[in-house]
Each structure stands twice: as C-alpha cells, then as structure tokens.
Amino acid sequence: MASNTISFLPISICSSQICNENPHNSSLLSLPLSSFYGNKLLISYSKLRTLSIKGNNPSKNVTVLSTLPTKKYTSQNIPKWSARAIRSFGLGELEARKLKYPNTGTDALLMGILIEGTSPAAKFLRANGITFFKVREETVNLLGKSEMYFFSPEHPPLTEQAQRALDWAVEEKLKSGDSGEITTTHILLGTWSEKESAGRKILETLGFNDDKAKEVAESMNEDVALSFK
C-alpha cells in the first residue's frame, strides 16, 4: 500500500496510552479511533524530538514538530519549547508556503505567533493594533508576491535572520537561569533583535518599538535580558 507524507501541527499525547499492537516497542502510542477522520494511528517518538504518525486506512506518515531548529545548540542542551511556540512556528511555516515564499523568514515567525493567537505575545500585539492581516499585508508590500507557478518546499528553510532569531530566543532563556519553557515571547523578541529583518521592519511600520519590547519582556518574563539593545 502506498504511503503519503503530510505536515501536521503539534498535538498532545497521553503517555499512559501505550499501544498494545506492538509490544516490542513501548514508544508507540495509540490515538482514539475518531482521530484523523476515524483512522487508527500509531505514534512513535524519535530521537530527533519529532513524532512519526502512521495510519492504516489509508496509510499515512505524519511529521509532528516537538522542537524548533537551532543552529548553536542541540535539542538535548536547551529548555523545552512551549506548545504554543511550536504551534506558532508550524503555522508560520505554513503561511510562508501559502505565500509561495522559498524560505521561512522572521515575517513568517511573526505571522505564526498571530495565527496561533492564544499566547501572551499574540495578545500583546493585538492589543497594540498589530493583527495578522496587517502583518500579512505589510509582508507582501515589503517582500512582494511570488511567481504564480512557483511552489514552496514542504518545509521552507529558515532564513539566516529567522535562524538567528530562534537562536536568540534560546540564548536569552539560558541566560535567565529559569527552568521554564522557551515561549512565543522569546520568539517575538528574537525577531525584534534582528534589526535588518523583514519581521522587525514590519513591526516598526505597525508601531512596535523598543519601549514596547521592554514592556513585553517585563510583563511576560522578567528574566528576559534585552541584549539586542
């Protein structure tokens, strides 16, 4: 039977639901039969901190993010990313594909935060008049539209600026000494730290500034050091 590969957003899994269909692999978990339109799925957790999901009617292989790409650190050496941060990244990557961009940039990271919408960072942006539709419009104004017949890769690679923004988020979390998760707030401030990036230019156009960045850091995570100043 042919297998398909699809992208999927992070999901919560109860580790106590051990699958009985493969007693030789305790890393396999079982989802309810109603998941994925009634298809029973097997989920395995890999060493790369991603989830591989296999369905049996029809067979599907699904990649589920459980961490974000970092250049300076291995996943074993950094705190966990929050579920909202991972969802935001996945949604931003998807938006880059919708716009047919070849890469996932800081603009996409920003849009992902707003599409996910439930994080303190997203709520702060909306409270200050920065919405997804405004960011998307400014993104197209700044970067332009892609050619009609161009198709983005399934996972558009990060731009150098977007990668540095994620690395900044990790570094600031490590500096704080806090044992909590890396959040969308760190991603937002990481985007702001990249002064020549599309994400920062869009934020500046929509009224975000250093004072608002300080307010974000102080109100949501007092231990975040604003080393981008």
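Which side chains meet in a salt bridge at 2.9 Å, N to O? They are R164 and E194. The model behind this briefing is predicted. The protein has 229 residues, and buried residues make up 45% of them. Its secondary structure comes to 9 helices and 5 strands.

**Overall layout**
- Along the sequence, the elements run β-β-α-β-β-β-α-α-α-α-α-α-α-α.

**Nonpolar core**
- The largest nonpolar core holds 40 residues.
- Within this core, W81, L125 and F208 touch the most other members.

- The structure holds 6 salt bridges.
- Side chains of opposite charge can pair when their charged atoms come close.
- R164 sits in helix 6 and E194 in the loop between helix 7 and helix 8, so their pairing ties together parts that are 30 residues apart in sequence.
- R164 also takes part in a salt bridge with E160, where the closest N and O atoms are 3.9 Å apart.
- E160 and R164 are both in helix 6, 4 residues apart, or about one turn of the helix.
- E194 is buried because its relative accessible area is 11%, under the 20% cut-off.
- R164 counts as partly exposed because its relative accessibility is 39%, between the 20% and 50% limits.
- E160 is exposed because its relative accessible area is 61%, over the 50% limit.

- The side chains of R200 and E204 meet in a salt bridge at 3.2 Å, N to O.
- R200 and E204 are 4 residues apart in helix 8, so about one helical turn separates them.
- R200 is buried, with a relative accessible area of 8%.
- E204 is partly exposed, with a relative accessible area of 38%.
- Elsewhere, salt bridges that share partners join E160, R164 and E194 into one network.

**A contact across the chain**
- T185 lies in helix 7.
- T185 counts as buried because its relative accessibility is 4%.
- T185 and A121 are 64 residues apart along the chain, yet their C-alpha atoms are separated by 5.1 Å.

**Charged surface patch**
- Which residues form a negative surface patch?
- The patch is formed by D210, D211, E215 and E218.
- E218 is placed in helix 9, which covers residues 210-220.
- E218 counts as exposed because its relative accessibility is 54%.

- Most residues other than glycine have a negative phi.
- K100 has a positive phi of about 60 degrees, although it is not a glycine.
- K100 is found in the loop between helix 2 (83-98) and helix 3 (106-116).
- K100 counts as partly exposed because its relative accessibility is 25%.

Key. Residues numbered from 1 in each chain as written. Predicted model: local features only at pLDDT ≥ 70, side-chain atom pairs only at ≥ 80, totals over all residues. Heavy atoms only, no water. Patch = residues over 30% accessible without salt bridge, like charges linked within 9 Å, V, L, I, M, F, W, Y side chains within 5 Å. Areas by Shrake-Rupley, 256 points an atom, 1.4 Å probe, with all protein chains shown as cover. Salt bridge = Lys/Arg side-chain N within 4 Å of Asp/Glu carboxyl O. Lys, Arg positive; Asp, Glu negative; His and termini not counted. Charge placed at Lys NZ, Arg CZ, Asp CG, Glu CD. Helix = DSSP H or I, 4+ residues; strand = E, 2+ residues; numbered from the N terminus. Buried < 20%, exposed > 50% of the residue type's maximum accessible area, 1.4 Å probe, protein only. Core = buried A, V, L, I, M, F, W, Y, C linked by side-chain atoms within 4.5 Å.
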